[in-house]
Amino acid sequence: MKHKLFIILFMILSTMLLSGCWDRAELQDIDIVGAIGIDDGGDNLENRYRVTVQIINEGQIASAAGQGGKSEVAPVTAYSATGSTVAEALRKIAPKSPQELFFPHVQLMVIGEELARKKGIQDLFDWIERDSQFRTLFPILIVRNNTAKTLLQITTPLEDVPSAKIVSGLEATKKIWGEYASTRADQVIQQLGRGGANLTGVELTGNPKKGNSLQNVQQISPKTDMEIRGLAIFKKGKLKKWLDEDSARGATWINNELKKTIVDLDCKKKKKGIAVDVMRSKTKIKAKIRNNKPVIQITVRTEGHISEVHCPIDLAKHESIEKLEKQMRKEIKSEVVLAVKDAKEQKSDIFRFSEYINRKSPKVWKKIEKKWDDEIFPETEVNINVQAFIRRSGLRTKPYIK
C-alpha cells in the first residue's frame, strides 16, 4: 500500500515539474532567418559592423511549390543594419521585420573579404556561443572580392533559397571535387583559438546588380551566380592569403578532408591525357622530435580508378599501371608541398601540426609554444610520403586512340 502511495505521489510531483512547450513559437509569429552576413561597417565606432539577415518567405515557397511554378514574389528578403556590435545590429534589424527573427534554422554565415582582411573575424563569434538560439553547426564562408550583403541579395537558379543553394554547392564540391571543405562555426571558433585558420570562399560571377532581381532566375544562363572558390588562410583572425586549385587541394589532402576528386596524369606526349577518379583517401600526421626540434611526417594513402584516357596506352600491362601510380604519387606530393609552402610563408599553422607536437612531447612544445607560428613553424622539417594505387582500369583496357 505504501509503495502505491509513493508512486502516486511521484506521478503528481512529476506533472508539476513538466514544463511542456512553454517556449514554443507559431510559424505565423516568426520570421525564419536562413543566412547571416557580416561586413565592415566603417571606421565609426557606432557602425563597426554591417549585418545582413536573409529571411525565408516560407509561405511564398510553399505556395509556389503547390502551384507547380515560380511566383513573381521573391522567396527571400534581406534586411541590413549597422552597429558597434553584431548583437546591436541584429537588434536594429528587428523593427524592419514584421515578425520576431528566428535564428535556430540558420543554414549559413558569410563574411565580407574587406572585414576579414581589415579588422579580422576573431571577435565575431562570441554572441553565437552565448545565445541559446544559435546552433554552431552551420558553415562559414568568406565572400571573395565582395560583401556579404551583396551575396545575400542575389537570386539563385535551381534553389529558391540562396543560402540553401550555397550550402548544397559546398557539399557537392567537397564530395565530388575535393578542393574545398565545409568549415562549421564551432570548428572556426576552435581554429581561431589556436591562431591559424582556413575558411572556404564563395565568389560572385557576373553582374551583382542584375542578380538582385527575379529576372536573374528566369533565364537559361543567369546574369549572376555564385561559385565556391578559394581557401582563405587566416593568421590571428585576419585573412592573409587565398589558396586556389592545386594548393587548395593540397591543404585538403593534409587535413584529411578529401573525399573524392580527379587527378589528371600525363600520357606520353599528351599532357593531362588520363583522368584518375580518386575514390578513397586517408592522411595520417605524426610528429617526431629530432635533436630537440620537431619533425612532421605526413602520409597520404589514396586509391582510385581510371575514368578517361586520351592517348595510346595498354592498361592491361602491369608496367603501365605502375608508371601511372608513380606519376600519381608525384602529382599529389607536389600539391601537398605547395600547400605547406604557402602556409609557412604566411606563418599560419592551418594544419594543426602544433597539436601533434604537443601530444608527442609536451616538454618540447612548452619551450617552443610562444615562438611556434613566427619562428619555428616556417623552419620545421616536413616529410611527405604518398602511397597511390590504381585499382581498376574500367571496362576497357585498350583505348580507341592508336
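## Strands that pair, and a hairpin

Two strands count as a pair if DSSP finds at least two bridges between them. Keep that in mind as you look at this structure, which is a predicted model. Strand S10 (residues 261-267) and strand S11 (residues 270-290) run antiparallel and are joined by six bridges. Together S10 and S11 make a hairpin, with two residues between them. In the turn sits Lys268, with a positive phi of about 55°.

Which residues of S10 are on its covered face, and which are on its uncovered one? The covered face has Thr261, Val263, Leu265 and Cys267. Ile262, Asp264 and Asp266 make up the uncovered face. Side chains in a regular strand alternate between the two faces of the sheet.

The structure holds one disulfide, and it joins Cys267 to Cys311, with an S to S distance of 1.8 Å. The torsion about the S-S bond of Cys267 and Cys311 is about 105°, so the disulfide is right-handed. This pair links distant parts of the chain: Cys267 belongs to strand S10, while Cys311 is in the loop between S12 and H11, 44 residues apart.

Are these two cysteines, Cys267 and Cys311, buried or exposed? Both Cys267 and Cys311 are buried.

## An enclosed strand

Now turn to strand S5 (residues 108-112). Five of its five residues are buried, so S5 is largely enclosed by the rest of the structure. "Buried" here means a relative accessible area under 20%. Leu108, Val110 and Gly112 point one way from S5, Met109 and Ile111 point the other way, and all are buried.

Strand S1 (residues 30-40) pairs with S5 in the parallel sense over four bridges, and in S5 the bridge partner of Gly37 is Val110. S5 also pairs with strand S6 (residues 140-144), again in the parallel sense and over four bridges. There, Met109 stands opposite Ile140 in S6.

## The largest pocket

The largest pocket holds about 320 Å³ of space. Its lining is made by Ala87, Leu90, Arg91, Ala94, Gln99, Glu100, Leu101, Phe103, Trp127, Asp131, Gln133 and Phe134. By class, these lining residues divide into seven nonpolar, two polar and three charged.

Which elements each supply at least two residues of the lining of the largest pocket? They are helix H3 (86-93) and strand S4 (100-102). H3 gives the most to this lining, with three residues.

## One cavity

There is also one cavity of 30 Å³ or more in the structure. The largest cavity has a volume of about 40 Å³. Around it you will find Met279, Arg280, Glu303, Gly304, His305, Arg391 and Arg392. The elements that give two or more residues to this lining are S11, strand S12 (293-309) and strand S13 (381-392).

S12 provides the largest share of the cavity lining, three residues.

## A helix and some positive phi values

Helix H11 (residues 318-345) has 28 residues. From its first C-alpha to its last, H11 reaches 41 Å, close to the 40 Å expected at 1.5 Å a residue. Just after H11, Lys347 takes a positive phi of about 55°. Further along, Arg352 lies in the loop between H11 and helix H12 (353-360). Arg352 has a phi near 60°, a positive value in a residue other than glycine. Its side of the story on accessibility is simple: Arg352 is partly exposed, with a relative accessible area of 22%.

Where is the place of Lys236? Lys236 is in the loop between strand S8 (224-235) and strand S9 (238-243). Phi of Lys236 is near 50°, a positive value in a residue other than glycine. Lys236 is exposed, with a relative accessible area of 60%.

How values were computed
Residues numbered from 1 in each chain as written. Predicted model: local features only at pLDDT ≥ 70, side-chain atom pairs only at ≥ 80, totals over all residues. Heavy atoms only, no water. 1 Å grid on protein atoms, 1.4 Å probe; cavity = no way out; pocket = protein on both sides within 12 Å on 5 of 7 lines; lining within 4 Å. Points joined across faces, edges and corners; volume = space filled by probe spheres on them. Nonpolar A, V, L, I, M, F, W, Y, C, P; charged D, E, K, R; others polar. Buried < 20%, exposed > 50% of the residue type's maximum accessible area, 1.4 Å probe, protein only. Expected span 1.5 Å × (residues − 1). Disulfide = S-S within 2.5 Å.
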